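Dear colleague,

Please find below the structure that I am handing over to you. A short account of the findings follows it.

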Amino acid sequence: MKRLLSLALCVFLLLPFALLLAGCGSDTQKEVLRVYNWEDYISEPTQNSDGTTEDDYVDLVAEFEKEYGVTVEYSTFGTNENMYNELQINPGAYDLVCPSDYMIMKMISEDMVEPFTDDFLQNSTYMRYASPYIKELFEEKGWTKYAVAYMWGTMGYVYNPELSETVEEDLSSWAGLWQEKYASVATIKDSVRDSYFLGVAVVYRDELMQLKDRYEKGELDRQQYNDRVTEIMNRTDEATIEATKETLLELKENLYGFEVDSGKQDMVVGRISINFAWSGDAVYTMDDAEPYFNEETGKEEPGIYLNYIVPEECSNIWFDGWVMPKGANVELAQKFIDFLSRPENAVANMNYIGYTSAIAGDAVFTEMTDWYAEGEEGDLDEEGNPLVPYDLNYFFNGTSDGEYEDGNYFIYVSAESAKRQISAQYPTEEVLARSAIMQHFDDATNAAVNEMWEEVKGLPIPVWAYVVIAVIAAGIVIVALSYVYKGKHRDPKPKKGFRRETI
């Protein structure tokens, strides 16, 4: 009896510890989703320098963890190539990654990604709210089974309309940047793929404009026109690469410099007046540059109104999308995509990132109306001119939950406002018709284009140049030594206290 009582007492005393350990065990049993995304590419609270956070943006990762009772291991990368190399080094390390269009093609072609389930492709939140334009384009490219769109946009010029009386007309062509009067006031991307695209557009300007004329005359339908533009803008034959190099070298003499991220701030402070920009960066730049009312001081802060233009020859339409690497937790990855695809979460992302979500729906259109609408049909702008309708039906039709009707997705803005943020967020159908997707280049083509870019930039020196320099230097050394040691048949003795190194 005493032994039984002692045993019962031990069990009673150990019970709290057992329960505590059980609780710890349940935490470690949580499913883990491993996400690999671009830097600053999801809504999260602002981090202060003292380690505190501001409750100014939605913490989407934390919200997902809370709702689904899982843990998200969230990592970031800086370039598509860095992301790809990481997947090669650590296969199976991630459940969800977010490459750009050409890298999506590469990963699909190399059988690096898992397909989405049939249920996701038929019944998911993404398929319910993704723009019909986006879904159709992914279907055309054969990506639907392996990738979903996250953010998208175009490329164009952000510019100060006060720069010259003809700046808008000049920049309606990509070649406008080559004009001498714009020397030292512009930057282009320190990115081989984007700046190569710019150079090709100038090299083939005449051919592109002929296609545009034929399209406008009805000689080509939209698909034929877009296919031809896409073929031109992805040319990589030797003659094209050489002509593009010479064109970019000519432009280099005019440039303020190359940039990836600094162009936004350079535009805001007036250091430059033209920037070759991704549309999302263009929105950020225009927002940050314009005058605003400072609530703390009660004064209007000065600024400048910038515009965005997509030149008439063509543009690049780009996408960043989610794919699931081989070995991914498909079920949990799809839940995360669906969570981000809720229109209210797409709004949170757009507010934080500044780029345009592939998701439509009532909440997104309402937000765009709040951001950009200056009135309704028939209203006048501040100058007394009628507001113009900005047509977004191509993007939002079929995604409403009942608040809006198909065919009524118009936002009424002034003619000047139509050249600004809204045109960067949502290009017109006319712009989309002449917008090409960058294709994946094979290794040999990448090497040739990268070598061209090294010559344009001037640094670093190509590998072959180092070889030539080394051969020449070795020849000089050999000749010099032949004179120094002429007639000597043995090495001199090393100085006392030193010994000759042996190989």
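Two strands are taken to pair if DSSP finds at least two bridges between them; helices (H or I, at least four residues) and strands (E, at least two) are DSSP runs, numbered from the N terminus. This is a predicted model, in which local features need pLDDT of at least 70 and side-chain atom pairs count only at pLDDT 80 or more, while totals for chains, interfaces and linings use all residues. Residues are numbered from 1 along each chain as its sequence is written, and side-chain values use heavy atoms, with hydrogens and water left out.

The sheet is open and holds three strands in the order S4-S1-S5, with parallel pairing. Its edge strands, S4 (71-77) and S5 (96-97), each pair on one side only. Strand S1 (residues 32-38) is joined to S4 by seven bridges, and valine 32 stands opposite threonine 71 in S4.

Serine 100 lies in the loop between S5 and helix H4 (101-109). With a relative accessible area of 10%, serine 100 is buried (under 20%, where over 50% is exposed and in between is partly exposed; 1.4 Å probe, protein chains only). Leaving aside residues up to four places away in sequence, serine 100 touches Trp38, Asn80, Phe319 and Asp320, contact meaning heavy atoms within 4.5 Å.

Elsewhere, the axes of helix H16 (residues 343-353) and helix H17 (residues 362-372) come within 8 Å and cross at roughly 40 degrees. Axes are lines fitted to C-alpha atoms, for helices over the stretch in contact, and angles run from 0 to 180 degrees between N-to-C directions.

Kind regards
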